[in-house]
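Please look over the sequence and the 3D structure below. A short report on the fold and some of its residues follows.

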Amino acid sequence: MDIFRIEGPVRLAGKVAVSGSKNAALPIMAAAILAPGESIVRGVPQLADIAVLTQLLGALGAKVQRGEGSELRIDASVIDNPIGPYDIVRKMRASICILGPLLARCGSAKVSMPGGCAIGDRPVDIHLRGLRALGAEIHLENGYIIAETPHGLKGKDIFLGGPFGSTVLGTANILMAATLAKGTTTIESAACEPEITDLAYCLNKMGAKIRGIGSPRLVIDGVDRLKPADHTIIGDRVEAGTFMVAAAITAGRVELKNCRLGDMMAVVDKLAGIGVCIEPTADGCIVSRDGPLTPADITTQPYPGFPTDLQAQFMALLALADGNSVITEKIFPDRFMHVAELNRMAARLRKEGPSVIIAGVKKLIAAPVMASDLRASAALVLAALAARGTTVINRVYHIDRGYEHIEKKLNALGAKITRKSV
Ligand code: EPU
């Protein structure tokens, strides 16, 4: 198992290129199942989660090869084993995004039911409700979702909202299944996240007929077949946001390339309020901070609201603000595993239900800490960049799930991070 040793404090400066989006790449890789032949997906980051989906697609019968750099070739000519086994699905919940495409392509699917994870229960009831509405017959057996379409998938008007608003991967699943359904499907309360928009554009390149892309109402006219596409994944807005916080927390100056500022309005707005300067450039922005950090109140929401995937990182930043802040989590109310770890680094955070009250401190102090999930680990790395002393982060495999070469990228900006196998 790897650990990070991070020496702080540092001031970051220089340029960094944002990788392709993990959360766009995953459903787009699954979409390749829908079209016999070879799809090319470009800008796919080299991450543990991508490796898990690669393995899963291979188990279904597809042939997946990484070409030069970030290009993935997925040959889905043969999909003859529509089973998502527990041993693979348990490694990554997002594996559930094969369910819709498998049903549409093969007429049946057996996919292990994902379990809970460090950020909450994360049910998939809405995915199943949507697929049932399209005509799938679904039951659970021995921990597996068994789904069949004895009469084929049929278009339907579906309300896909849930107790916490829209669902990102639920929308992806229903959208992908509906592309090959007979007739027209309307998804009301669809997720509007840029990753879903990217998926929808990719599906249209494959021959799907999707309207309303980017809005909460997606209208899909089913087609008989789809063809493989060549698609480039959008830049990762969560990685970009994490680098923005890295520049801010170290009072540095960092230029981000391949960063889609237009997808990050809520984040940019909060950073400006906190005292961080963001200057747009042709393909990204320059992020810098000279003055003190101003406290802020943040509530996570579905897109275009403030993303839950940057909540932990902003908590690390606001831990050093000049006064009290409040962060309220409205997507995953239990996503606070980082609170106790940040407190070990001398932050003053107090959890109150789905909120955390942050009393700003003058400095953070290095400590041994434990990574608990992907974004919580990122928050610990950020805190360590600003903290005095050497922070040791255990279980960094969490961060390898979603940040490509993070220590190399940060070290090129002036961080002092070493990875060790223990
Ligand atoms: N929900 C239900 N029932 C469902 C589905 C979702 O109640 O059937 C609830 C969830 O429990 C949650 C809310 O709806 O309270 C939203 O969850 P959503 O389904 O949108 O999450 P997801 O699709 O499983 C994706 C990202 C997450 C990101 C969330 C929210 C991928 C692979 N994962 O998950 O990313 O936090 O959307 O934006 O796209 C990460 O990258 O670190 C990560 C966790």
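Leaving aside residues up to four places away in sequence, Leu 56 touches Gly 84, Pro 85, Ile 88, Ser 95 and Ile 98. Contact here means heavy atoms within 4.5 Å. Leu 56 sits in helix α2, residues 48–60. Its relative accessibility is 0%, so Leu 56 counts as buried. The cut-offs are these: buried is under 20% relative accessible area, exposed is over 50%, and partly exposed is in between, with a 1.4 Å probe and protein chains only. Thr 390 is 334 residues from Leu 56 in sequence, and the two C-alpha atoms are 38 Å apart in space.

This is a predicted model, in which local features need pLDDT of at least 70 and side-chain atom pairs count only at pLDDT 80 or more, while totals for chains, interfaces and linings use all residues. Residues are numbered from 1 along each chain as its sequence is written, and side-chain values use heavy atoms, with hydrogens and water left out.

Helix α2 also holds Gly 58. Is Gly 58 buried or partly exposed? Gly 58 is partly exposed, because its relative accessible area is 37%. Asp 75 lies 17 residues from Gly 58 in sequence, with 9.6 Å between their C-alpha atoms.

**The whole chain**

The chain has 14 helices and 24 strands. Helices (H or I, at least four residues) and strands (E, at least two) are DSSP runs, numbered from the N terminus. Along the principal axes, the C-alpha atoms fill a box of roughly 65 × 45 × 40 Å.

Of the 422 residues, 57% count as buried. Take the contacts between residues at least 6 apart in sequence: 73% of them join residues at least 24 apart.

There are 48 positive and 41 negative side chains, and the centres of the two sets lie 2 Å apart. Lys and Arg count as positive, Asp and Glu as negative; His and the chain ends are not counted. Each charge is placed at NZ of Lys, CZ of Arg, CG of Asp or CD of Glu.

**Two domains**

Domain 1 covers 2–18 + 259–421, and domain 2 covers 22–224. These bounds come from an automatic or database domain assignment. The C-alpha centres of the two domains are 30 Å apart. How many residues of each domain are in contact with the other? In domain 1 there are 20, and they are in contact with 16 residues of domain 2.

Helix α5 spans residues 125–133, and its buried residues are Ile 126, His 127, Leu 128, Gly 130 and Leu 131. What covers these buried residues includes α4 (99–106), β8 (137–141), β9 (144–148), β10 (157–159) and α6 (168–179). Just after α5, Gly 135 takes a positive phi of about 110°.

His 127 is buried, with a relative accessible area of 5%. Not counting residues up to four places away in sequence, His 127 touches Ile 96, Thr 167, Leu 169, Gly 170, Asn 173 and Ile 174. Ala 282 is 155 residues from His 127 along the chain, and their C-alpha atoms are separated by 38 Å.

| Cis peptide bond | Omega |
|---|---|
| Gly 8 to Pro 9 | near -5° |
| Tyr 303 to Pro 304 | about 10° |

Pro 9 lies in the loop between β1 (2–8) and β2 (13–17). Pro 304 lies in the loop between β18 (297–299) and α10 (311–318).

Arg 122 has phi near 55° and is placed in the loop between β7 (108–112) and α5. Arg 122 is partly exposed, at 26% relative accessible area. Asn 258 has a positive phi of about 55° and is found in the loop between β15 (253–257) and α9 (265–274). With 35% relative accessibility, Asn 258 counts as partly exposed.
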